[in-house]
Amino acid sequence: MSDKTALEPIADIGDYLKLGACTAVMSQPIMSYALTTSPSIGAQTGIGIMYNLVKYTAPAFIFGILYSTTRTTIDNTDLTYGHYLKNMWHALFVPTIWWTFIYLLIMPQMQQVNQYHDIGSFLWHFVNGNAAPHLWYNTMMLQFIILMPLFWAIGRWCDHNAKRGWIAFFGAIIIAGLWLTFYDTQIFGGSHANDWYLFDRLFISFFIYGIFGTLAWQYRKHFEPIIMKWWPALIVVFAGTFWWTNHELFSYGFPISLGNAPYYKPSMTLYDLAVIGLLGTLCLYQVKANRPFAKFVHKFANFAYKAYLSNVFWSECLWLLFGQRLTQANTWVGILTLYVLTWCLSFASAFGINAVWSCLKPRLFKTQIA
């Protein structure tokens, strides 16, 4: 084992955020399914609360991706952008392409907004995230991967300089504030909710989490002690903003519409940052204590993205097989059963496909020695 490998942590904050986000997000489509069975007001209330509870997923994943990527690449001056993209092509883009094909060809009923009807609309759905309910996120996240040189530049410019760090920090807050104002007045609460929906998946929507993820690594000597010391304050922020988001959702009345709980509002932004801080604290505590769970997190976090890609496929299969009948009979038994099975199948398929490909790849691409 090399010295560099020996110094690698068993897990980092990015691992905890990626796995936590993936685990939580798998419940969202299932809760949407459950609402189609016309559950009681009490069940709708519970679903609304649970939905807000797990509504940190996309910001946490972006923060985690940028944190881990910054940790592993920003000081590697030998890494070229082309080599970086080649690695990301195999790790992220290829699985996205395959699963998008599966949704469009095998489950066309999962398309959002409208249906493809020719080659042009098929290709448009392929890249804009409308192939399935959760693929809007892939469209947005892959933009961060492509734009990684921007975050390298910001991180290297800041380095460990406090003044520059504060400039980047407050700059991200200002950009986020302007974006939230624009979204609330023009899209969510405005006249462009239907025709400007693609704004949801622009990288600028989650820019603050990308910048904060980069800064969290660059200023880790300050960031880590702060969240370890002030985690009780984070719990207070978590509780207050969680109440705030639920108050906003239920102000629209019943039946509950999960579309009234978007990411892009001040309450949800503060809630997301509080959850990110708490998951980061959990990571630091468990890594410092050398908890075995940290190794589990590190291993499964490496497959979180691939499991995420497949989760709607599995939940839809389970829903059509027996989930709808089970949820109609008992809302919470149906949700819990579908969720546990979806999580298991999603990660099993991610690990299984990787194992099969690892066996086939040497045979398919074996080099011939002259």
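What follows is a chat about some helices, a cavity and a few backbone features.

Me: What kind of model is this, anyway?
Reply: It's a predicted model, where local features need pLDDT of at least 70, side-chain atom pairs count only at pLDDT 80 or more, and totals for chains, interfaces and linings use all residues. Residues are numbered from 1 along each chain as its sequence is written, and side-chain values use heavy atoms, with hydrogens and water left out.

Me: OK, H17. How many residues does it have, and how far does it reach?
Reply: H17 covers residues 331–364, so to speak 34 residues, and reaches 47 Å from first C-alpha to last, close to the 50 Å expected at 1.5 Å a residue. Helices here are DSSP runs (H or I, at least four residues), numbered from the N terminus, and the expected span is 1.5 Å times one less than the number of residues.

Me: Where does H17 bend?
Reply: At Ser358, by about 25°, and Pro362 follows within four residues. The bend is the angle between axes fitted to the seven residues ending at a residue and the seven starting there.

Me: And what caps its N-terminal end?
Reply: Asn330 does, with a side-chain oxygen 3.3 Å from the backbone nitrogen of Trp332. That's a polar contact: a pair of N or O atoms within 3.5 Å, where one must be able to donate a hydrogen and the other to accept it, and sequence neighbours count only if both atoms are side-chain atoms.

Me: What do the buried residues of H17 pack against?
Reply: Helices H2, H3, H4, H15 and H16, with contact meaning heavy atoms within 4.5 Å. Among the buried ones are Trp343 and Phe347; buried is under 20% relative accessible area, exposed over 50%, and partly exposed in between (1.4 Å probe, protein chains only).

Me: Switching to H6. Where's its kink centred?
Reply: On Trp89, and the kink is about 50°. The end C-alpha atoms of H6 (residues 81–106) are 35 Å apart, which agrees with the 38 Å its 26 residues should span at 1.5 Å a residue.

Me: How many residues of H11 are buried?
Reply: 12 of its 12. The cover includes H5, H8, H9, H10, H12 and H14.

Me: Which residues lie nearest its centre?
Reply: Leu180, Ser205, Ile208, Tyr209 and Thr269, out of 14 lining residues.

Me: Now the backbone. Which residues does the cis peptide bond join?
Reply: Phe254 and Pro255, with omega about 0°. Pro255 is in the loop between H13 and H14, and counts as exposed because its relative accessibility is 64%.

Me: What's the phi of Ser38 near?
Reply: It's near 55°, a positive value in a residue other than glycine. Ser38 sits in the loop between H3 and H4.

Conventions: Helix = DSSP H or I, 4+ residues; strand = E, 2+ residues; numbered from the N terminus. 1 Å grid on protein atoms, 1.4 Å probe; cavity = no way out; pocket = protein on both sides within 12 Å on 5 of 7 lines; lining within 4 Å.
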